[in-house]
Structure formats: C-alpha cells, structure tokens
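Here's a structure to walk through together. Have a look, and then we'll talk about how to read it.

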4 protein chains.
Amino acid sequence: MDFAHDAATQELQRTLLDFMDSHVHPAEATFHAQLGELDDRWAWSRVPVLAELREAARERGLWNLFLPGEQGKAHGAPGLTNLQYAPLAEISGRSGHLAPAVMNCAAPDTGNMEVLAMFGTPEQQERWLTPLMDGRIRSAFAMTEPDVASSDATNIATRIERDGDELVLNGRKWWITGAMNPECEVFIVMGKTDPEASRHRQQSMVLVPRDTPGLEVVRGMEVFGYDDHEHGGHAELRFSDVRVPAANLIGPEGAGFAIAQARLGPGRIHHCMRSIGVAEMAIQLMCERAEARTAFGRTLSQQGVVRDWIAESRVRLEQLRLLVLKTAWLMDTVGNRGAHTEIQAIKIATPATVQWILDKAIQVHGAGGLSQDFPLANAYAGIRTLRFADGPDEVHKNSLAKAEIARHQH
Amino acid sequence: MDFAHDAATQELQRTLLDFMDSHVHPAEATFHAQLGELDDRWAWSRVPVLAELREAARERGLWNLFLPGEQGKAHGAPGLTNLQYAPLAEISGRSGHLAPAVMNCAAPDTGNMEVLAMFGTPEQQERWLTPLMDGRIRSAFAMTEPDVASSDATNIATRIERDGDELVLNGRKWWITGAMNPECEVFIVMGKTDPEASRHRQQSMVLVPRDTPGLEVVRGMEVFGYDDHEHGGHAELRFSDVRVPAANLIGPEGAGFAIAQARLGPGRIHHCMRSIGVAEMAIQLMCERAEARTAFGRTLSQQGVVRDWIAESRVRLEQLRLLVLKTAWLMDTVGNRGAHTEIQAIKIATPATVQWILDKAIQVHGAGGLSQDFPLANAYAGIRTLRFADGPDEVHKNSLAKAEIARHQH
Amino acid sequence: MDFAHDAATQELQRTLLDFMDSHVHPAEATFHAQLGELDDRWAWSRVPVLAELREAARERGLWNLFLPGEQGKAHGAPGLTNLQYAPLAEISGRSGHLAPAVMNCAAPDTGNMEVLAMFGTPEQQERWLTPLMDGRIRSAFAMTEPDVASSDATNIATRIERDGDELVLNGRKWWITGAMNPECEVFIVMGKTDPEASRHRQQSMVLVPRDTPGLEVVRGMEVFGYDDHEHGGHAELRFSDVRVPAANLIGPEGAGFAIAQARLGPGRIHHCMRSIGVAEMAIQLMCERAEARTAFGRTLSQQGVVRDWIAESRVRLEQLRLLVLKTAWLMDTVGNRGAHTEIQAIKIATPATVQWILDKAIQVHGAGGLSQDFPLANAYAGIRTLRFADGPDEVHKNSLAKAEIARHQH
Amino acid sequence: MDFAHDAATQELQRTLLDFMDSHVHPAEATFHAQLGELDDRWAWSRVPVLAELREAARERGLWNLFLPGEQGKAHGAPGLTNLQYAPLAEISGRSGHLAPAVMNCAAPDTGNMEVLAMFGTPEQQERWLTPLMDGRIRSAFAMTEPDVASSDATNIATRIERDGDELVLNGRKWWITGAMNPECEVFIVMGKTDPEASRHRQQSMVLVPRDTPGLEVVRGMEVFGYDDHEHGGHAELRFSDVRVPAANLIGPEGAGFAIAQARLGPGRIHHCMRSIGVAEMAIQLMCERAEARTAFGRTLSQQGVVRDWIAESRVRLEQLRLLVLKTAWLMDTVGNRGAHTEIQAIKIATPATVQWILDKAIQVHGAGGLSQDFPLANAYAGIRTLRFADGPDEVHKNSLAKAEIARHQH
C-alpha cells in the first residue's frame with residue numbers, strides 16, 4: 001500500500017501546476033468571452049483559445065494522461081497508472097471544466113475512449129478512437145433513461161433490434177452529457193438486444209453517429225439553473241427507427257452490461273480525483289474570504305464557527321483523499337474488479353464530503369457564494385449530480401453493506 | 001397560546017385552495033410561455049395572464065392579506081392577524097412565486113408597503129403606497145452591499161449627504177430583489193447620513209425613483225444558475241451622485257436602523273410561512289414519486305431509507321410549523337419586539353429544515369429532481385438564500401445564544 | 001389548537017415549583033445517603049425521606065396528577081387533562097427520578113394504574129389499583145423479551161395457558177423496570193394465550209403477584225454502567241409454571257395487544273414531557289458552565305462554537321415542546337387513537353433532540369460532564385434507552401412514513 | 001507514503017491473532033471472575049490469570065511493542081515503528097482493556113515509559129522505567145485538574161515549590177487514570193514551578209511515589225456509571241505539602257510543557273489505533289446481530305436503514321484507518337513534530353467516527369446493546385471520553401484551522 005508520488009509523477013505535477021498558472025487560469029475569462037460570441041452556444045469545443053491551449057498542453061506532454069498502462073501506450077498516451085494520474089486529475093479539478101478539456105482528459109470522452117480501447121474493433125478504433133485521442137471530435141455515452149430507474153441497469157428499455165446487417169434503435173435517453181455540442185459526433189448507446197436473455201446478457205452497446213436519421217436531440221437538461229453549455233450540456237435524445245450497421249456493435253451482442261461495468265470504475269475514480277480538487281479550491285477560497293472579511297469587529301477567520309468548518313473540511317478531505325489514493329493503487333495492483341468495494345466506497349464518500357465543504361465555503365462567502373462571482377455554487381451543482389451518477393448513493397450503500405454482512409458470516 | 005384557525009381563516013383557506021386549483025395552477029404554464037415572449041425578459045409583471053389572475057384574486061378578497069390589523073384596514077386590506085395569514089401564506093408558498101404575486105403578497109413589495117404604512121408621510125403614502133397596494137407598480141429594498149458584511153447593519157457604507165433640500169446618494173448595492181424588472185419604479189435605499197452619530201443612529205432610509213439620474217442597474221445576480229427573472233431578479237445597483245428631494249426621507253434622519261429592524265420581523269415570518277408550503281410540496285412530490293417508481297423489484301416507497309426520509313421530513317416539518325405559528329401568535333399578542341427570540345428562532349430553523357427536506361425529495365427523484373422538470377432544485381436555490389437573508393444564520397444564532405446565556409445568570 | 005396553560009395549571013405550576021425548591025431539591029442528597037444505608041440497595045421506596053416528601057406532596061395536591069379526566073376523578077386524582085399535566089411533568093423531569101416518585105407519578109406505575117383504571121375489574125381495582133394510587137405498593141410491566149424483537153408485539157413468546165381456573169405462565173422477560181425493588185408487588189405480564197388466533201388476538205395480560213412460586217427475578221440489567229437501583233432497576237425475570245387464578249386476567253382473553261396499545265400513548269407522552277424537563281436542565285447547566293469557565297482568555301460562553309450549540313439547543317427544544325403540547329391537546333380533544341401520528345412523532349423526535357442537547361452540555365462540562373458530579377451522563381443514559389422504548393425509532397418511522405405515503409395517494 | 005505491512009509486521013499480526021484466540025479471549029471471563037474475588041476491587045493487576053497471560057505474551061514476543069525504534073531497543077523492546085505497531089494495536093483494541101495490559105502496552109504506563117525513556121535520568125530509569133518495562137509495577141500521569149480548563153496547559157495550577165533539596169507539591173488533580181489501583185506505585189505529576197516564567201516555561205514534571213505523605217487518593221471518577229475498576233479507575237488526588245527529592249524532577253525545571261507535548265503524539269495515536277479496533281468489533285457485532293435477528297418478517301440485515309448504517313460505518317472507518325496509518329508513517333519519517341497537523345486530525349476524527357459507529361451498533365442490538373451483555377455501551381463510554389482527552393476536540397479544531405488559514409495567506 002504505497003501511495004507515494006514517484007519521480008515521474010512529481011515531474012508531471014510541476015509541469016501541470018506551471019501550465020495551470022501560465023496558460024489555463026489566464027485563459028479562463030477569454031474562454032468564456034469567446035464562448036459567448038459563438039453562433040451556437042453549445043459548441044464549446046470550437047472556442048478559439050481552446051485550440052491554442054490544447055496545442056500547448058500537448059507540447060508539454062499533458063495529453064491523454066487518463067488512459068492507463070500498456071493500453072494507454074498502445075494508443076499514444078503516456079500510460080500512467082491510476083495512482084500516477086490521481087494527483088494530476090486533482091490539480092485539473094481545481095479549476096472547473098477547462099483544464100480537463102485542454103488536456104483531452106474530460107468526461108465522457110475519457111470513458112468512451114477506454115471502452116473503444118478495450119472492446120473496439122480495429123475499424124472502430126481507427127474511425128472513432130483515433131480522432132478522440134487526437135481531440136478532433138467529441139463523443140457521448142447514452143445510457144440513462146427517463147422512464148426507468150437506470151440505477152438498475154437491467155431496467156434499460158431502449159430497444160436495439162437486428163434487421164439484416166443493420167441494427168434498429170428505438171427509445172429515449174436523457175442526461176446525455178456533452179451531447180448538446182454539435183461537435184459531439186458519436187454516441188455509445190446502451191440498449192436491449194435480447195429481452196429473453198438472462199438478466200445481465202440482455203443489453204448491448206452500439207456506436208451511433210450524430211447525423212444518423214431518426215436520432216433527435218430533444219432538449220438540454222438543466223442542473224439547478226445551469227445548462228452546462230460550457231461543456232456540452234446534458235441532452236435528452238429520442239431514437240426513432242435509428243439504423244446503424246451491425247458492425248457498430250461494440251463487443252459481442254449481450255455484452256452491454258459487462259462493458260458498462262468495466263467503464264464505471266475508471267469513470268468514478270476520475271470524478272473523485274477531480275472532486276478532491278474542487279474541495280481544495282473551496283477550502284482555499286473559504287480561508288481567503290474568512291481572512292479578508294470583517295464582521296462585528298473581527299475577521300471571519302477569528303470566529304469559532306468558521307474555524308470549526310475549516311478544520312472539519314481539512315480533516316474530512318484528508319481522509320477522503322487517502323481513500324481515493326488507496327482505490328487507485330488497488331486498481332493498479334489487483335484490477336478494477338478487485339477494487340470493487342473501494343470504488344463503491346469513494347462513490348459514496350466523495351460527493352457527500354465535497355458537498356459539505358462547498359456548503360460551508362458558500363456560507364462563508366455570504367450570498368455572493370451562491371452567485372456567478374465565485375465558482376462555488378456551480379461546483380456545488382456539479383457535485384450534487386454525483387450523488388446520482390452511476391445510480392444513487394443508496395444503491396451503492398445497499399450493495400456494499402450486503403458484502404460487509406456476508407464477510408461476517410461464519 | 002391558541003393556534004386554532006378561526007372561522008374567517010378557514011373560509012379564506014377554502015377560497016384560496018379553490019382559487020389555486022381553478023386559476024393559479026392552470027395558469028402556470030401560460031405564465032411562463034407569455035413571459036418567454038416578452039421583449040424584456042425581466043418585466044414579469046407585464047405578463048398578460050397575470051393581470052387576469054390578479055383581477056380574479058381581488059374579486060375573491062385574496063388581496064393584500066399580508067398587511068396586518070388596523071393598519072391593514074386603514075389602507076384597504078382585510079387586516080388579518082399574522083396567525084390568520086400564516087396558513088394562507090403557506091398555501092401560496094406551495095406553488096412558487098406566482099400565487100404571492102397574484103395576491104399582491106409578494107416580497108419585497110410587502111415589506112416596503114409595511115414600511116410606508118408605518119413610517120411614510122401622507123404624501124409618500126399617496127405617491128407610492130397607494131399604487132403598490134393597487135398592484136400598479138413594483139418596488140425594491142436596497143440595503144445589502146457587496147463590499148461589507150451587511151449582516152452587521154452598521155457596516156452599511158452607502159453615503160447619503162444632505163445638500164440643501166436634496167439628498168445625494170453614492171454607493172453600491174447588490175442582491176436587490178425585484179430590481180431588474182423595469183416596472184420596479186421605486187427603491188427604498190438604506191445609507192449612512194451621519195457617520196459620527198452613535199452606532200444605531202447613523203443610517204437613514206430614502207425613497208429613490210427608478211428613473212433618477214445617476215442610478216445604474218449594473219447587472220443581475222444569479223443564484224446557482226437561476227437569474228430569477230420570473231420575479232424580477234436580484235440587481236447590482238450603483239448610485240453616483242443620485243439626487244432626490246429631502247422629502248423622500250422615510251421617518252426622521254438616523255431612523256434607518258430602527259426602520260430596518262421593524263421591517264425584518266414580518267418579512268421573516270412571511271418567508272417562513274411560504275417555506276413551509278415549499279416543504280409540503282416537496283413531501284408530496286417525494287411520496288408520489290416514491291410510490292410511482294420501482295427499482296430492484298420494489299417501489300421506492302417500500303425502501304427503508306426512503307421511508308426514513310419521509311418520516312423525518314414530516315416530524316421535522318410539524319415541529320417547524322408549530323414554531324412559526326407560535327411566533328405569529330406572539331407577534332399578534334405581544335408585538336414584534338416581544339417575539340424577537342422566536343423570530344430569530346424561525347429564521348434559523350426554517351431554511352435548515354426545508355433545505356434538508358428538499359435535498360431528500362430531490363434524491364428520491366433521481367437526476368430529474370435537479371432539473372427543470374420538477375420545482376425542487378429551483379426551490380432549493382431559493383431556500384438556500386434564506387440562510388443569508390437578513391444576515392447569515394450564524395449571526396442570529398450568536399445573538400440568540402447570548403440572550404439564552406443571560407437568562408440563566410443569577 | 002389552544003396550548004395556553006389555564007389558571008388551574010398555572011396555580012399548580014407555582015405550587016410545584018415552590019415544592020421543588022422547598023422540599024425536593026433540598027432532599028436529594030438525603031435521599032441518596034439514606035438509599036446507601038438500606039440493607040437492600042434496590043428497595044428505594046423504603047427510603048425514609050421519601051415518605052416525608054410524599055406526605056408533603058399529597059398535602060399540596062401534587063398527587064396522581066397523571067391520571068386524566070373523569071377516570072382520574074373516579075379514582076381520587078384531580079383528573080387533569082394531558083395538556084394541563086404537560087408543564088407539570090416537565091418541571092418534575094428537571095430533577096431526575098425523585099420528583100415523579102414523590103408525586104406518585106412515576107413510570108411504570110402510572111401506566112399500570114391506567115390499565116387497571118381502564119380495564120380492571122372492581123376486584124382487581126380494589127386489590128391493586130387502590131394501594132397503587134395510595135402509593136403503598138409498586139408495580140411493574142412485563143412485556144419485553146430477550147429472545148425476540150419485542151418491537152413487533154406479535155413476537156411475544158411467553159406462554160399463558162389455561163388449566164381449569166388457573167393460568168400457567170412460562171417464559172422469559174427482561175428490561176422490566178422497577179422490578180428489582182422488593183416492594184414491587186405485582187407484575188402485569190403480557191403473554192400468548194392463543195397462538196392460533198389472528199395476529200392481534202393472540203396475547204393477553206395477567207396480574208402476577210411477586211411472591212408467586214415459579215417467578216424468579218434473575219438479575220438486574222445495566223444501562224451503560226448504571227443499574228438504576230434508585231428507581232428499581234430493570235430486571236430479567238423467568239416464569240416457570242407460574243400459576244395465578246384466571247380472575248387475574250385483565251380484560252378478555254386475547255385483549256393483550258389492544259391493552260398494550262392503549263397503554264402506550266400516555267406512557268410515551270409522559271416520558272416526552274419529562275424529557276423536555278431534562279433538556280431544560282441541560283441547557284441551564286450548559287449556560288452556567290459556559291459563563292463560569294475560562295479557557296484561552298475567554299469564557300466558554302464567548303466561544304462561537306459553544307454559542308452555536310446553545311442556540312441550536314434552544315431552537316430545537318422550542319419546536320419539540322410545541323409538538324408535545326399539540327399531541328397532549330390532541331389526546332384530550334380527539335383521543336389517543338386520533339393522536340396516533342403525533343404520538344409516533346414525539347416518540348421519534350424527543351430522544352433524538354434531547355440526546356443531542358445532552359451531548360453538547362456534556363462537552364461544555366469537559367470530562368466532569370461524564371461523571372457522577374453532574375446529572376448529565378446519567379440523563380444521557382436514560383434518554384438513550386427511549387430510542388428503544390416501545391420499539392426502536394426505526395419501527396415508528398417506518399409506520400409513520402407508510403401513513404404519510406398513503407395520504408398522498410390519489 | 002507507503003503503508004504496507006512489512007513481513008515482520010505480518011508475522012506479528014499472525015502471532016497476535018493466534019494469541020488472542022488461544023489465550024486472551026478464552027481468559028476474559030476468568031479475568032472478570034477473579035477480579036470479582038479480589039479483596040480490593042481496584043487491584044486489577046493482581047488478578048492471577050493476568051500473570052499467566054503476561055508470561056505467555058512475553059514468550060511470544062508480544063511485549064512492549066509500543067516503544068518505537070532505537071529507544072525501544074535500548075530498553076529491551078523490539079523497537080517497532082509506529083506504522084508497524086498500528087495494526088497490532090488495532091487487534092488488541094478489539095477486545096477491550098485486557099489485551100493491551102497483557103502485552104504491557106496499556107495506557108497510561110506506555111506514555112510514562114516513553115517520558116522516562118526520553119527524559120529520565122539513569123537513576124530514574126533504573127528505579128521506575130525498568131520495573132514498568134518488566135510489568136512489575138504500574139504508574140499514572142497526573143495532569144488534569146478540576147478547577148481549570150486543563151486543555152490550556154498553562155492553566156495548570158498545582159504548585160511545585162523548591163525547598164532546599166526537596167520539591168513541595170500542593171494542589172488537586174482528577175481523572176488520573178489507573179491511580180485507584182494500589183499497585184500504581186508512581187505518579188508523574190505536572191505542576192507549576194515558576195509562575196513568573198514565560199507561558200510555556202512555567203510547568204515542570206516530577207515523579208511522586210504513591211506512598212509519599214500528603215498524597216491522598218480522594219475518590220474514583222465514574223464515566224457513564226462505570227468506575228473502570230478493571231483498569232484502575234480514574235482518581236481524584238489531593239497533594240498537601242507532598243515532599244519529594246529534587247532529583248525526582250524529570251528533565252530541567254520548566255520543561256513540563258515540552259515534555260507533555262512530546263508525550264501527547266504517541267499517546268493519541270495509540271488511542272486511535274485501538275479505537276479503530278473497537279469500531280471493527282462494533283461492525284462485526286452489528287453484522288452478526290443484523291443477520292441473526294428477525295422483525296416484521298425480515299432479518300434486520302435486510303432492512304434498508306440497517307444496511308445504510310453498515311455501509312456508512314465501513315466507508316467512514318476505512319478513511320479513518322488510512323489517516324491513522326498516514327500519521328504513523330509521518331511520525332516515523334518526519335517525527336512527531338512534523339506530524340503535528342495529522343496528530344490533531346486523528347484526535348478530532350477518531351472519536352467522532354467510532355462513536356457514530358458504536359451508536360448504530362447499539363441501535364441494532366436493541367436495549368441489550370446498552371447493557372452488560374455486550375461490550376458496546378462500555379466501549380461507547382470509553383470512546384466518548386476521548387473527545388476530551390488532551391483537551392476537547394474544539395481546542396484542536398481551532399488550532400488546526402488557524403494553521404490551515406495561515407497556509408492560504410499570500
């Protein structure tokens with residue numbers, strides 16, 4: 001159980017911190033200004049400054065860091081371990097959505113690239129993985145449905161029926177992150193190919209290009225009042241007799257559930273790593289504000305209740321970070337399946353802890369903390385959604401408890 | 001300590017419940033559609049259906065219910081007690097901002113009308129109070145400032161200087177609710193007239209018409225991602241050598257702090273009453289959703305954790321409602337000053353309890369609970385701001401504790 | 001919904017407060033000293049000073065206040081309403097177990113007297129109720145069993161079999177409060193008379209005198225480290241072919257569940273009323289200590305975190321008291337059955353709130369707060385048991401939630 | 001940051017686990033029975049079976065594991081690192097106070113041995129350290145005082161005055177753990193030698209043999225009704241002109257505060273390690289009980305709320321353990337001073353987390369969970385005291401927050 005950052009990681013940390021200071025932070029205002037000038041407010045990946053930043057990141061080797069190990073190397077990434085990637089993802093998480101996008105390490109593309117790297121055919125990889133790794137296109141992952149509790153993946157109802165050499169999709173999806181961006185060119189869609197198969201063999205995954213007839217982007221979902229257009233929004237989609245070649249199937253028919261499971265672990269830990277960065281940002285703002293603001297004759301930083309919040313924030317966050325690091329280390333050493341319980345644990349612990357810290361940071365900022373003048377309310381909205389991501393916390397707690405109870409039977 | 005609803009109140013409850021079902025709820029979609037068609041998205045009070053609804057409310061006696069007692073009657077209101085108004089405000093709170101506006105019972109106009117009724121000269125009342133009671137104009141209350149902790153009212157820094165028969169204002173305000181609406185014709189502005197006076201005699205309040213030169217509406221503040229344009233937003237204002245006649249002073253010079261205190265009690269209890277309605281709405285949605293949704297073979301309403309949330313919600317809300325009713329009763333019987341501790345207590349308890357209930361209701365709804373498809377996330381944003389309204393909870397807790405400690409000294 | 005204390009109640013409050021100051025508080029040390037000198041440490045009701053106090057209480061009309069209405073009057077009690085009794089029970093609760101015993105208002109005798117008054121035959125009333133009302137004997141209520149989850153009353157396994165004119169009992173009970181006291185002369189025992197009957201008709205209640213052969217008092221149960229000998233402890237009992245006349249049956253055979261239900265409501269509300277008194281005592285001690293103790297240059301009462309605790313304590317307790325008063329009022333006006341939901345609600349809310357307040361009061365006292373030098377830890381232990389009394393909170397929450405969900409179905 | 005258990009640690013873990021199963025657990029009932037037969041109920045270290053167990057532990061090398069590094073080796077201990085000792089202390093903590101005593105690793109002797117090893121003269125070491133390391137005598141640490149907030153060590157008021165070659169002590173102490181045991185032969189007493197010195201140079205530490213005239217053991221303090229006689233209780237002491245040779249001074253005059261600080265770190269981490277063992281015991285009992293108990297037709301382990309508690313317990317405990325391991329590793333690598341913030345953090349986090357878990361484990365056990373039939377209530381009482389040990393949590397949070405705020409200043 002060795003969580004130390006090795007020399008290569010420390011070097012990358014330095015490079016990334018420098019890059020954040022020299023490039024990312026100074027460009028944030030520009031990014032938002034240029035985004036506001038686009039014809040299509042959802043087309044964030046067309047913002048000019050982004051191209052410059054991505055070029056600069058790539059030059060510094062800050063590119064595709066998320067794809068681990070040999071697989072990463074096979075596709076031109078440095079192939080870091082999860083443990084090596086963790087502190088870098090944390091740094092990128094401190095500044096919202098820009099840094100991950102600049103480094104080609106933004107969800108949901110990362111998860112999709114992993115799926116294609118693991119399960120894609122050479123043709124699929126050439127057609128979709130290569131431009132994704134190059135950052136030339138964007139993608140989305142279409143699993144959640146409005147009409148069923150998607151936490152139970154066997155509920156997924158979108159139909160995928162074979163018709164000769166084609167697959168025909170019918171159904172509805174929502175909360176498809178990134179899909180409002182017109183440059184999101186392909187969707188990985190989960191649907192039911194065989195309702196008669198056993199519970200975990202009914203689903204399949206298929207690649208659906210954006211421009212396929214019958215695929216309609218209905219609207220963007222909002223989170224609190226945010227439409228998240230600066231990273232592609234969350235679309236509701238309707239599939240009406242959408243036809244794709246059978247060759248667009250990822251893996252064998254009936255493998256959808258297994259692929260979804262394989263995709264979950266890395267996705268969760270990346271979220272958690274970045275969320276820790278969010279919490280660090282919140283603690284920093286909270287401390288700065290507490291020191292700068294005076295009420296009733298003393299700075300907020302001298303008020304006992306504010307100190308209590310700051311101490312609790314630090315103590316909780318240190319514990320959380322160690323759990324995430326342990327999980328990364330386990331994924332590296334015993335594999336995602338062996339780290340199953342820990343992956344559940346960080347999924348449960350992270351949003352609860354970070355949401356608590358953000359709430360306190362907001363409170364220290366007064367009403368301004370809820371506004372566009374600070375990143376706290378927006379971060380809160382994003383973290384709040386994590387309590388639903390991959391199923392609500394309650395589903396994961398239930399599962400983790402069952403395993404714990406079983407461990408104690410004789 | 002008699003909280004029973006008398007016959008008049010019960011009659012008004014029936015009338016209001018009928019009116020909500022027959023008029024308000026059916027008009028909600030129309031209101032938002034017509035609002036979307038306005039040239040000025042902030043001019044919500046121009047929405048055509050609103051005029052119809054207001055006419056219908058007035059015909060039914062559901063008009064200006066908020067202004068209590070003899071004062072209310074003197075200005076053409078029915079003059080309910082706070083205890084009589086409480087259950088009506090709760091009903092109106094169940095459906096967001098539309099019902100209070102329809103009934104001419106919406107903040108911040110209500111508090112401003114109270115100030116004018118209590119402290120305004122006959123000329124001020126004729127010029128501003130009458131059209132406000134008639135619902136012909138809107139108003140705002142400009143106290144909070146971006147540069148100081150406004151919870152400590154003595155921090156208010158906007159300068160009001162006398163220059164002959166005029167008052168000259170300079171300073172900045174923000175979070176001025178309703179002020180983005182172009183029909184918001186007048187601001188009650190708190191500022192410092194005498195920095196040398198004793199601590200609670202430095203401030204004064206003055207009426208500033210919207211079109212006064214030097215008054216600039218800088219921008220709208222957002223809460224989470226909501227701009228709250230459907231009830232006039234929250235403006236940042238800049239006053240640069242804004243001149244008004246000295247006759248626009250409300251009450252004597254130096255009375256600003258006292259007037260602000262007098263305005264707080266009713267404002268808070270109205271918020272709390274409506275917030276209880278918000279919580280009732282949340283419990284109802286939570287129960288309906290829990291019964292309608294199935295995961296892992298059972299409805300959510302059969303899951304122990306969901307039941308725990310529902311039971312806790314009900315138990316907490318019943319206690320909160322009783323505290324609010326007691327406070328209303330105290331305000332009616334011993335006056336706002338005599339109810340000081342209870343007014344603080346409901347200010348502390350209400351947002352904490354209602355926020356907790358909303359969070360659980362959201363969780364039962366899945367990600368949809370955070371979206372525009374349900375009123376829960378928007379309500380959460382609104383309730384969250386109450387933890388800052390009239391100063392952060394911590395200020396009120398500190399004050400309440402000091403009084404409690406003093407009570408136990410010998 | 002009128003919670004005002006009427007003139008009679010106010011008079012009794014004054015009398016009781018005087019009596020606490022003049023008699024009960026001054027006698028507390030004597031009570032414990034004399035208790036320590038008894039041959040049998042469990043025989044608390046033999047403590048000499050207690051007889052004097054009881055005589056004095058009776059003279060002042062502070063006797064049997066718990067038995068409500070006409071029923072109370074029929075048996076020589078003043079026959080207060082629940083609402084009248086509430087503030088008196090609260091006062092008595094501020095000082096531990098002595099005051100209720102002095103006033104003949106101590107559990108479990110109170111519940112047993114109610115059962116006998118409601119369901120006893122004239123012979124049973126003469127034999128047991130009269131000496132109980134006179135305070136000449138003590139009693140216990142034997143329901144809970146070690147081998148089953150007694151929260152589900154249908155689990156009760158103790159067998160009661162008819163054999164001619166006799167009933168034969170076999171089984172085990174525990175947590176039988178008061179039963180270690182040798183002056184506890186009679187047990188009301190719940191057991192199964194007909195395992196084949198429908199679910200709620202299987203149980204019966206029977207009076208079993210202490211000296212009946214086959215009834216063994218096995219040991220006293222401890223709560224944390226307390227054996228609670230100063231109010232009779234909590235016994236484990238074993239019934240081995242215990243024979244009593246069939247005339248000892250209370251009510252008809254099969255009525256045990258219904259009688260238990262009837263006994264619960266008043267028992268719970270009495271506990272809750274006294275618990276509020278416990279919380280008031282804790283707040284008082286917390287404030288006094290905070291003012292008296294200095295650390296790091298300031299009194300604890302000047303520390304923000306301590307003030308936060310005190311404010312939260314007051315705000316939570318006010319809400320709780322109102323809920324208990326409302327419940328008492330409902331029991332008086334619509335009956336115990338009509339107040340079912342509220343009785344559940346106070347059972348859920350009271351121990352949670354009071355435990356929280358006690359924990360903070362302890363923390364303000366430092367380690368001393370956990371010791372015999374203050375009443376806080378002992379009170380904490382007592383309140384903690386209430387989270388199990390009449391079934392764990394979770395059972396009541398589950399039931400209350402089911403009712404709430406049903407209310408919202410269409 | 002490598003927390004892996006090395007081969008030596010794993011070997012010791014196996015040995016200790018075997019020893020717990022073969023010797024300690026089977027002897028627990030005997031220990032309590034023999035303790036009950038002693039003439040002096042406080043003289044727990046005279047229990048015959050203890051001598052046998054200690055002999056067996058020593059044979060297996062399970063002796064004095066607590067004293068780290070070269071210092072440990074210099075005094076005949078194996079000299080483990082903190083990281084090596086951590087999992088062993090956790091195992092010993094699972095079974096209450098017996099295992100640490102058997103292994104000569106019980107507080108407060110451990111801290112006292114460290115003080116003597118670090119600061120004692122050769123004569124002091126021979127006279128006191130050697131028999132302590134041999135387990136022939138017991139000791140106590142007398143710092144806390146009833147009349148001052150001892151969390152602020154500069155408050156310590158006991159006077160130590162020099163009179164020729166002697167030191168004269170006058171003052172009161174309480175909560176002196178272990179001191180009720182007549183075999184507790186020596187006290188390390190902290191007192192004020194120079195009230196005029198600078199704040200952190202006023203205190204000194206001195207060795208006071210139990211039989212010194214003027215030293216009175218006044219009484220034992222209770223914790224929730226427990227007198228903790230099975231590990232020596234918590235004494236109140238009075239020093240009245242107690243005279244010891246000046247050679248009994250530990251370190252130089254005025255070094256008391258510094259020695260106390262040096263003693264704190266290891267003491268805290270040992271407590272935390274054992275507390276994690278307590279929490280593991282609680283989770284195990286909770287799971288076993290939940291599986292064994294049925295209510296309303298399902299085992300408790302199938303109830304959603306119980307599962308939620310179990311999952312939360314595991315997730316919280318994993319985070320806590322990692323934080324404790326990191327702290328141990330830091331103490332080993334950068335020293336106790338370098339681990340200052342982490343030592344504060346575990347002091348804050350451990351009792352809060354473990355208390356929460358114990359509360360839930362108790363709730364799953366019903367009222368039995370509070371009784372002598374399970375170790376949970378006793379463990380709860382012990383853990384609750386940790387929120388005061390070395391000062392209340394609030395003091396440590398305040399200090400940690402100040403450091404965090406300072407870190408963010410520019």
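Q: Which residues of chain A does UniProt list for "domain: Acyl-CoA dehydrogenase/oxidase N-terminal"?
A: The unreviewed UniProt entry lists residues 9–135 of chain A under that name. Keep in mind that what you're viewing is a predicted model. In it, residues 9–135 of chain A are 69% helix and 0% strand, with the end C-alpha atoms 23 Å apart.

Q: How many residues does each chain bring to the contact between chain D and chain A?
A: In general, the size of an interface is often given as the accessible area lost when the parts come together. Here we can go by residues in contact: 35 from chain D and 35 from chain A. On the chain D side, helix 8 (256–292), helix 9 (304–338), helix 10 (340–365) and helix 12 (393–407) each supply at least two residues. Helix 9 of chain D gives the largest share, 13 residues.

Q: What kinds of residues make up the side of chain D that touches chain A?
A: That side divides into 17 nonpolar, 7 polar and 11 charged residues.

Q: And how many residues are in the contact between chain D and chain B?
A: Chain D puts in 4 residues and chain B puts in 4 residues.

Definitions and conventions:
Residues are numbered from 1 along each chain as its sequence is written. Chains are lettered from A and ligands numbered from 1 in the order in which they are written. This is a predicted model: local features need pLDDT of at least 70, side-chain atom pairs count only at pLDDT 80 or more; totals for chains, interfaces and linings use all residues. Two residues are in contact if their C-beta atoms, placed from the backbone, lie within 7 Å. Helices (H or I, at least four residues) and strands (E, at least two) are DSSP runs, numbered from the N terminus. Ala, Val, Leu, Ile, Met, Phe, Trp, Tyr, Cys and Pro count as nonpolar, Asp, Glu, Lys and Arg as charged, and the others, Gly among them, as polar. UniProt positions are given in the numbering used here, feature names are shortened, and annotations may be inferred rather than shown by experiment.
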